[in-house]
Structure formats: structure tokens, C-alpha cells
Amino acid sequence: MLRIEDLSIRFKAGTPDEVCVLDGIQLQVKEGSFVVVIGTNGSGKSTLLNAVAGVFPPERGRIEVAGQDVTRWPEHRRARLIGRVFQNPFSGTAPHMTVAENLALAARRGLARGLRWALLPGLMRQMKDRVGELNMGLEDRLESEMGSLSGGQRQALTLLMASWVRPQLLLLDEHTAALDPKAADQVIRLTHQIVTRDRLTTLMVTHSMAQAVHLGDRLIMMNKGQIIFDAEGMAKKSLRVEDLMARFEEVRRDEQLDVSAAKMLKALYI
Ligand SMILES: Nc1ncnc2c1ncn2[C@@H]1O[C@H](COP(=O)(O)OP(=O)(O)O)[C@@H](O)[C@H]1O
Ligand SMILES: [Mg+2]
């Protein structure tokens, strides 16, 4: 469960370049809900996920994850509750460590130091099984360096690591955008499989309208730091790519109106 109340973040506050990147966001996500997040470039999607993960403290507002107020928690403490996968396949794993070593790190998440050794017996077996379920032939590459794998293989493993210990919340930020179409499809299939099987509460940012339509049980659209569209249940199910394109077109038209109004004002007064 995720509850965001009146979350606001400004960058370069107090300077002429000040931007209000999140503007009073209200969002409640039910336990087990899979929310797709779309919006134009710069609309605040990554900032929203970063704020939830604790990358920067909010100026105003409150964030609750699984019933705990995490607003003042630092990023590393929130990481016990939150799994993340980023766009860049190189950012989620340690390239010079083996696949098994990377997975072992993920398996210890949230465990007290003294208990970590207790994991070891059976861990290799479990790794073979869970990596085997990815269906990418990686169960025979547990001793390979992570850096020797393709982007798609790394993102699949990053996803597995982020969900190895069931997270209270999974954050995916355009995690297939840097992959070729075939690898992206594969990682999206795995995402669907893991999120629905483990009923993970998930926020997934995507640029792909096809992904936005086919995945998840709720869709939100952001613009200028606000949520401007929110569809759940049947309303989400019946959305088509054309509906989303029409929404984007509306936003673009409004922006053009803003720009031409500003030009007109300038022409009048300058
Ligand atoms: N650390 C930062 N400092 C200043 N401006 C930032 C920073 N991070 C993001 N921004 C600005 O905030 C806005 C929203 O960015 P972002 O959340 O990355 O958008 P999105 O993920 O929707 O494309 C953009 O205008 C971006 O330039
Ligand atoms: Mg982004």
C-alpha cells in the first residue's frame, strides 16, 4: 500500500529558474495494485518515484508505505521496503560481481547481519530455480560476471533482485526503454509474471502506449507535476492506445494555447 498526501517538490527554489516539479500530488495505491504511469517528458514521473524512494526529501507532504510514515526516512532505510529498477541496465547491478553474488546481496535485504549466513545453505539451489523461471538460460551462468551479460539479461536479473525479498512496493522507471524491442518484450513479460504472481504493489513508468494499455490495473497520467488523468478497473481495461494519444494531444494543444497567450501578452506590453 502506498499513500501520498499533498507532495510537492521544487527545484532551484528561490531562483529565477525555479520549477515546481511535483505540485500537491495526492495518490493512494491499494495493496497489490499495478499502476502504470505515463506523461510527457519532464512531467515529473521520475521525480515522483525518486521522492517515494527517498532520493530527496519533500518540501511539503507525506508518504506512507505499507502503513508506515516514511516521509523522514533516508533512502537506505526505505530500500528495505522498496524494490527499484531503473532505465539503465548498468545501474541496478554490480558489473564485476557474478550473477550469484549479485543475487546473494538481494537475498539479504532487510535481514539482520547475524542472520545472513543462515541463508547460505540452499541459496544456490534457490537461485538456480528462480533464475530458471526467467526462461533465459541464465541458470547456467550464475558464475558469470554480471557485466558480461546483455542489457535484457541484466534488466531481467535486476527485476528478480528487486523482488527477491518481497518488496512492499516496486518502482519501475522506464526499465525497458534502453532495450531492443525483443529484449523489452521479454522483460515486460517477466514484469507482468512477477508482479501478478506475487501481487506486488507497483508503480511502472513507461513511454510505451502499448505497455500502458496492456499492463496494470490502473493508469495515471502526469503533466506539469500533477496527476491529470486516473483510470482504474473497467475504465482502465477499456482504454485503447488511441484514447491515450488523444489525451496527449489535448495536453499539447493546451500548452500551445499557453505559449500563444504568452506571446500575445509580450507583443502587447514589450
Ligand atoms: N535534480 C534536479 N534539479 C533540477 N531540475 C530537475 C532535477 N531533476 C529533474 N528536474 C526537472 O524536473 C522536471 C521533471 O523531471 P522528471 O521527473 O525527470 O520528468 P519525467 O521523468 O516525467 O520525464 C524536468 O523539468 C527536469 O528538468
Ligand atoms: Mg523520467
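Good morning, colleagues. I begin with a definition: a helix here is a DSSP run of H or I at least four residues long, numbered from the N terminus. The model before you is predicted.

Let me take helix α6 to start. Helix α6 covers residues 181–197, 17 residues in total. Its first and last C-alpha atoms are 24 Å apart, close to the 24 Å expected at 1.5 Å a residue. After α6 comes arginine 199, which has a positive phi, near 45°.

Which residues of α6 are buried? They are Ala183, Gln186, Val187, Ile188, Leu190, Thr191, Ile194 and Val195.

I turn now to ligand 1. The residues around it are Phe11, Lys12, Val19, Val21, Gly39, Asn41, Gly42, Ser43, Gly44, Lys45, Ser46 and Thr47. Two elements, β2 (19–29) and α1 (45–53), each supply two or more residues to this shell; α1 gives the most, with three.

Finally, I come to lysine 263, which lies in helix α9, residues 241–269. Is lysine 263 buried or exposed? Lysine 263 is exposed, because 10 other C-beta atoms lie within 10 Å, and a residue counts as exposed at 12 or fewer. Between the C-alpha atoms of lysine 263 and asparagine 41 there are 23 Å, and along the chain these two residues are 222 residues apart. Asparagine 41 is one of the residues around ligand 1.

Thank you for your attention.

Methods: Residues numbered from 1 in each chain as written. Chains lettered and ligands numbered in written order. Predicted model: local features only at pLDDT ≥ 70, side-chain atom pairs only at ≥ 80, totals over all residues. Buried ≥ 20, exposed ≤ 12 C-beta atoms within 10 Å, placed from the backbone. Near = placed C-beta within 6 Å. Expected span 1.5 Å × (residues − 1).
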